[in-house]
Amino acid sequence: MRQELEKSLYDAKPIRRDLIVYQVGDLENLSASALYTGNLPKFSAGGAGFELPKPLGSISRFESKPIEISVPKVGMTLEGGLNIKKIGHNSLTLNTDYGLLRDLYNFHPDGSGSKREITLKKPTILIDKKSW
Amino acid sequence: MMPCQKQAPKIKHLLDFSNAFYQDLHGYKPEQTKLQSIPEKHWKTFCQRTDLNSNSSGIYLPRNQTAIIQNRNPLSLFHEYFGHGLFCEQSLIGRKLVDLEKKLLEDEKQEFQNRKFSLKDLEKFREQNKTFQELKEFRKQNLARYEIFAIWTEYLLSKEFSLRDEFEMKYDFLEKENREAVDSVINFSESYGDLATFYASGLARRTTPERVKKLLEDVYGIEAVNNSKLILLTGSKKPFSDIDLFACSDYLQPTKNSWLDLAVFREENFEERTRLFETQVTHPIMAGEFITGNKNYLQQKRIQLQEQPITKEAIKYNLNLSEEQKQRALEYPEQSEERKTGLSYSETYLKNALALKQGLRLFTKEDLISYSQSERFIELKGGKIE
């Protein structure tokens, strides 16, 4: 009986999907989330939450502290690669180094500032100056 | 000819070898997953009848935990049976998928028990079914995990059976994003080993000293592990908890992620903390399971803790640590995990200091908890809390 059923199942000629009639026993094979080898959707390992072992900076697990904000110092590199070039009484000069070309930013407490582009090939020549 | 083929010897060999490989590596192998092989000439009809994608060479059905493969395709066997099958048995995500499918199956049986139905009827029923909606969302969220794991399983086993060329050919069609995702996991396994890749994928962790040692050797290198003075297994050792390890080592780096938590103390620092009865060190010494290192040294430290004098310095040291942890904890927002953890450590150090002051040597966290409970009992008896 089982063999007959299996034979009828596998040997059936292709028919239109909407014309197939099922019985309750067929539900076992009608999985709602069948996983296929082919027809992969787009996915990324990031989405899978893959984690690499990351060494921690401190020896003890219990000694991690919230991020501290340091006092600005000359030579310090900020987020985005800006370097603190000069700290004045009332101003801060930041410097982006592109190799032979640099951007200098000046900031003042009153909100004003300027940007200068300087090329090292031609020292001290001001190419552009924007004030705001 | 019978429509449903018996498993050919080759498949049997693949199954036997792979089962032994998994048992040895993990301490488990697929147990509940069923395997069905369908001859190539019947594949399309089977897929049509069961509303499955006939372009695929294999299918896994979570509701009855069955891997169905076309003919005797070894890569499909690896993907469906050892990939999806094992994932659905031995990972929390896989188990949830199976549970949701089984629940939906019961709802569907209830609905269609006395009548015939078409796929349209079934689809209509599912659309208004809450379990189906939950299942749809859950599957969408985790599809990457299922597929990456199954493809990586193919990669892993294809190496064991010299089928790497077939694997490369099969996945030659992968789109750039998918290729990168698969490559990143393959690179991970090449860098950190098979066991680490299984654990990072969320599979159950049945820890034994031998297995943990192998894992550490793969992740940190044999030399770093062998040069370490002491590595101990601590923590709950539950299959879905992280693996808690303690090391006295000048060669390992501390690591913490969802499946591995390795605390490392440099040798000199470890000696100092042992002398001062610090719980972070005394607990693993007394309760940890030996993984590797110098067993005699561990024994010496156990004896030292039992016999060394309790000094005022040790009591003060633990009191100071308690205060320090409390201050650090208070730097974090209320209700944050960091604050809760910090305060809990602060309390542990305080209990340890008080116990030491009474001349008690309480080495493990469990000892300290029962000590504090008995303290509370004394307080209540003495009528201090009214």
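This is a predicted model: local features need pLDDT of at least 70, side-chain atom pairs count only at pLDDT 80 or more; totals for chains, interfaces and linings use all residues.
Reader: In what sense do β6(B) and β7(B) pair, and over how many bridges?

Author: A hairpin of three residues joins β6(B) to β7(B). Within the pair, T255(B) stands opposite L262(B) of β7(B). Strands of a sheet pair through backbone hydrogen bonds, either parallel or antiparallel. For β6(B) and β7(B) the sense is antiparallel, over two bridges.

Reader: Which strands of chain B are the edge strands of the sheet?

Author: The sheet is open, has mixed pairing and consists of five strands of chain B in the order β6-β7-β5-β4-β8. An edge strand here pairs on one side only. The two that do so are β6 (255–256) and β8 (289–293) of chain B.

Reader: How many of the six residues of β7(B) are buried?

Author: Burial here means a relative accessible area under 20%. On one side of β7(B), L260(B), L262(B) and V264(B) are buried, and on the other D261(B), A263(B) and F265(B) are buried, so both faces are covered. The strand is therefore largely enclosed by the rest of the structure, and its count of buried residues is six of six.

Reader: What angle does the direction of α12(B) make with that of β7(B)?

Author: Helix α12(B) packs on the sheet. The strands it touches are β4 (230–234), β5 and β7 of chain B. Its direction and that of β7(B) make an angle of about 85°.

Reader: Are α12(B) and α13(B) roughly parallel or roughly perpendicular to each other?

Author: The two helices, α12 (residues 267–275) and α13 (residues 279–287) of chain B, have axes 8 Å apart and pack at an angle of about 90°. Angles of 65 to 115 degrees count as roughly perpendicular. The relation between α12(B) and α13(B) is therefore roughly perpendicular.

Reader: Which residues of α13(B) meet α12(B)?

Author: From α12(B), the residues in contact are F270(B), R273(B) and T274(B). By class, the contact of α12(B) with α13(B) has three nonpolar, two polar and one charged residues. On the side of α13(B), the residues are Q280(B), V281(B) and I285(B).

Reader: How many of the five residues of strand β1(B) are buried?

Author: Strand β1 (residues 34–38) of chain B pairs with β3(B) in the parallel sense over five bridges. Within β3(B), the bridge partner of S37(B) is I69(B). Strand β1(B) is largely enclosed by the rest of the structure because its buried residues number four of five.

Reader: Which residues does N64(B) touch, not counting residues up to four places away in sequence?

Author: N64(B) lies in the loop between β2 and β3 of chain B. Its relative accessibility is 10%, and it therefore counts as buried. With residues up to four places away in sequence left out, the residues it touches are E28(A), N29(A) and K34(B).

Reader: Is Q65(B) buried or exposed?

Author: Q65(B) is found in the loop between β2 (58–61) and β3 (66–70) of chain B. Although Q65(B) is not a glycine, it has a positive phi of about 45°. With a relative accessible area of 8%, Q65(B) is buried.

Reader: What is the relative accessibility of N71(B)?

Author: N71(B) has its place in the loop between β3 and α3 (74–90) of chain B. This residue, although not a glycine, has a positive phi of about 55°. N71(B) counts as partly exposed, its relative accessibility being 28%.

Reader: What share of the 132 residues in chain A is buried?

Author: Chain A has one helix and six strands, which run α-β-β-β-β-β-β from the N terminus on. Among contacts in chain A with a separation of 6 or more, residues 24 or more positions apart account for 0%. The buried share of its 132 residues is 26%.

How values were computed
Residues are numbered from 1 along each chain as its sequence is written. Chains are lettered from A and ligands numbered from 1 in the order in which they are written. Side-chain values use heavy atoms; hydrogens and water are left out. Axes are lines fitted to C-alpha atoms, for helices over the stretch in contact, and angles run from 0 to 180 degrees between N-to-C directions. Angles under 35 degrees count as roughly parallel, over 145 as roughly antiparallel, 65 to 115 as roughly perpendicular and the rest as oblique. Contact means heavy atoms within 4.5 Å. Ala, Val, Leu, Ile, Met, Phe, Trp, Tyr, Cys and Pro count as nonpolar, Asp, Glu, Lys and Arg as charged, and the others, Gly among them, as polar. Buried means under 20% relative accessible area, exposed over 50%, partly exposed in between (1.4 Å probe, protein chains only). Two strands pair if DSSP finds at least two bridges between them.
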